[in-house]
Amino acid sequence: MPRIDNDVKLDFKDVLLRPKRSTLKTRSEVDLLRSFVFRNSKQSYTGIPIVAANMDTVGTFEMARALNKFSLFTAVHKHYTLEEWKEFAINNPDCLQNVAVSAGTGSSDLEKLAAILEHVPDIRYICLDVANGYSEHFVQCVKNVRKRFPDHTIMAGNVMTGEMVEELILAGADIVKVGIGPGSVCTTRIKTGVGYPQLSAIIECADAAHGLNGHIMSDGGCTCPGDVAKAFGAGADFIMLGGMFSGHTQSGGEIFEKNGKKYKLFYGMSSDTAMRKHDGGVADYRASEGKTVEVEFKGDVQETIQDILGGVRSTCTYVGAAKLKELSRRTTFIRVTQQLNPTFK
């Protein structure tokens with residue numbers, strides 16, 4: 001029999017953060033650096049835990065260079081060749097601490113992953129990425145990769161419930177990616193009816209992960225710096241951004257003009273566009289679960305980075321958190337029916 005979970009589940013648009021008394025004089029006092037030691041790899045990390053998504057329009061080498069300057073992280077998309085990785089490593093050795101190699105679960109994916117890690121040994125992070133992290137095959141893949149690379153930090157997903165976060169951590173993942181369907185160019189919820197409001201998913205999955213000394217990465221759903229702050233406030237250790245990093249100089253794809261304005265394409269990795277580009281088309285047994293959109297060109301990503309970091313620092317000053325680490329402890333969410341005044345758009 002089907003059952004209904006009547007507990008209220010919330011998204012970023014459903015809440016605001018309640019301000020609290022603060023001793024901070026200015027947002028410049030806020031420390032956004034986090035330091036983690038990962039459960040399974042035992043590796044340590046220090047940086048600002050905001051991550052460019054492993055999409056070929058976002059997780060580029062150019063993006064990795066730009067984000068590294070601000071101590072941000074890039075999950076590099078899986079379509080670069082071994083030779084391209086070797087060239088990147090030679091020319092950008094300082095970036096290797098803040099990048100992950102991405103892979104799916106196919107045998108060719110894993111062979112390529114092994115070759116890259118063999119030839120570029122300074123890379124310490126692996127991003128295992130599938131649309132549905134609930135399959136037994138994926139859990140087994142995480143176990144196999146952990147066994148083969150015991151000292152690498154593994155990001156794995158995507159899932160959206162606590163019990164699956166626990167299973168992936170016990171299988172060998174260090175950071176579990178949380179989110180099914182919240183992304184701006186994801187159509188999984190429309191095509192399949194499957195999903196979970198992202199704010200509630202973060203709260204529940206963070207609780208499960210932290211009980212095992214694991215970590216989570218919120219993946220999808222952030223549309224503005226305020227959403228990034230809410231995700232951190234809900235307990236996310238890392239936040240992965242796709243749409244917010246799209247359309248920049250460092251984003252993948254060519255700039256084109258339309259009606260006198262400049263644009264770049266941005267598309268989901270399960271979209272027709274991505275599957276035609278990388279797989280020769282959409283297989284006849286599946287549906288496209290991503291859309292392709294034209295994003296107005298935003299220029300250099302530096303301005304967007306500063307906008308995001310400035311917004312999160314300001315959030316911290318409103319709630320009295322001197323460090324990003326303190327934000328979730330200082331967070332009280334208020335349920336709302338309207339976030340902002342829509343008079344002028």
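With which residue does Asp 129 form a salt bridge, and how far apart are the closest N and O atoms? In this predicted model, where local features need pLDDT of at least 70, side-chain atom pairs count only at pLDDT 80 or more, and totals for chains, interfaces and linings use all residues, the partner of Asp 129 is Lys 177, with the closest N and O atoms 3.1 Å apart. Residues are numbered from 1 along each chain as its sequence is written, and side-chain values use heavy atoms, with hydrogens and water left out.

A salt bridge is counted here when a side-chain nitrogen of Lys or Arg lies within 4 Å of a carboxyl oxygen of Asp or Glu, and by this rule the count comes to nine. Asp 129 belongs to strand β7 and Lys 177 to strand β9 (residues 175–178), so their pairing ties together parts of the chain that are 48 residues apart in sequence. Helices (H or I, at least four residues) and strands (E, at least two) are taken as DSSP runs and numbered from the N terminus. Burial is assigned by relative accessible area, with buried meaning under 20%, exposed over 50% and partly exposed in between (1.4 Å probe, protein chains only). On this scale Lys 177 is buried, at 1%, whereas Asp 129 is partly exposed, at 28%. Asp 129 also takes part in a polar contact of 3.1 Å with the side chain of Asn 54, where a polar contact is a pair of N or O atoms within 3.5 Å, one of which, within protein, must be able to donate a hydrogen and the other to accept it, residues adjacent in sequence counting only if both atoms are side-chain atoms. Asn 54 lies in the loop between β4 and α1 and counts as buried, at 10% relative accessibility.

Further salt bridges join other parts of the chain. The side chains of Arg 146 and Asp 174 meet at 2.7 Å, N to O; because Arg 146 lies in helix α4 and Asp 174 in the loop between α5 (162–171) and β9, this pair ties together parts that are 28 residues apart in sequence. Arg 146 is buried, with a relative accessible area of 12%, and Asp 174 is buried, with a value of 0%. Lys 258 and Glu 294 form a salt bridge at 3.0 Å, N to O, and this pair links strand β12 (residues 256–258) to strand β14 (residues 292–296), 36 residues apart. Lys 258 is partly exposed at 38% relative accessibility, and Glu 294 is partly exposed at 39%. Asp 5, Lys 9 and Glu 204 are linked in a network of salt bridges.

Eight strands close into a barrel in the order β4-β5-β6-β7-β8-β9-β10-β11, with parallel pairing, two strands being paired if DSSP finds at least two bridges between them. The twist averages 25° from one strand to the next, angles being taken from 0 to 180 degrees between the N-to-C directions of axes, which are lines fitted to C-alpha atoms and, for helices, cover the stretch in contact. Strand β4 (residues 50–52) pairs with strand β11 (residues 238–241) in the parallel sense over three bridges, and the bridge partner of Ile 50 in β11 is Ile 239. Helix α1 (residues 61–68) packs on the sheet, touching β4, β5 (73–76) and β6 (99–103), and its direction makes about 165° with that of β5, contact meaning heavy atoms within 4.5 Å. Helix α4 (residues 136–148) lies across β7 (125–129) and β8 (153–159), running at about 175° to β8.

A nonpolar core is defined as a set of buried Ala, Val, Leu, Ile, Met, Phe, Trp, Tyr and Cys residues joined through side-chain atoms within 4.5 Å. The largest such core has 102 residues, of which Ile 50, Trp 85, Leu 128, Val 165, Val 228, Leu 241 and Phe 245 touch the most other members. Helix α10 (residues 301–319) contributes the largest share of this core, seven residues. Leaving aside neighbours within four places in sequence, Phe 245 is in contact with residues including Ile 50, Val 51, Met 63, Leu 67, Val 301 and Ile 308.

Four bridges join β2 to strand β3 (residues 44–47) in an antiparallel arrangement, in which Phe 36 stands opposite Tyr 45.
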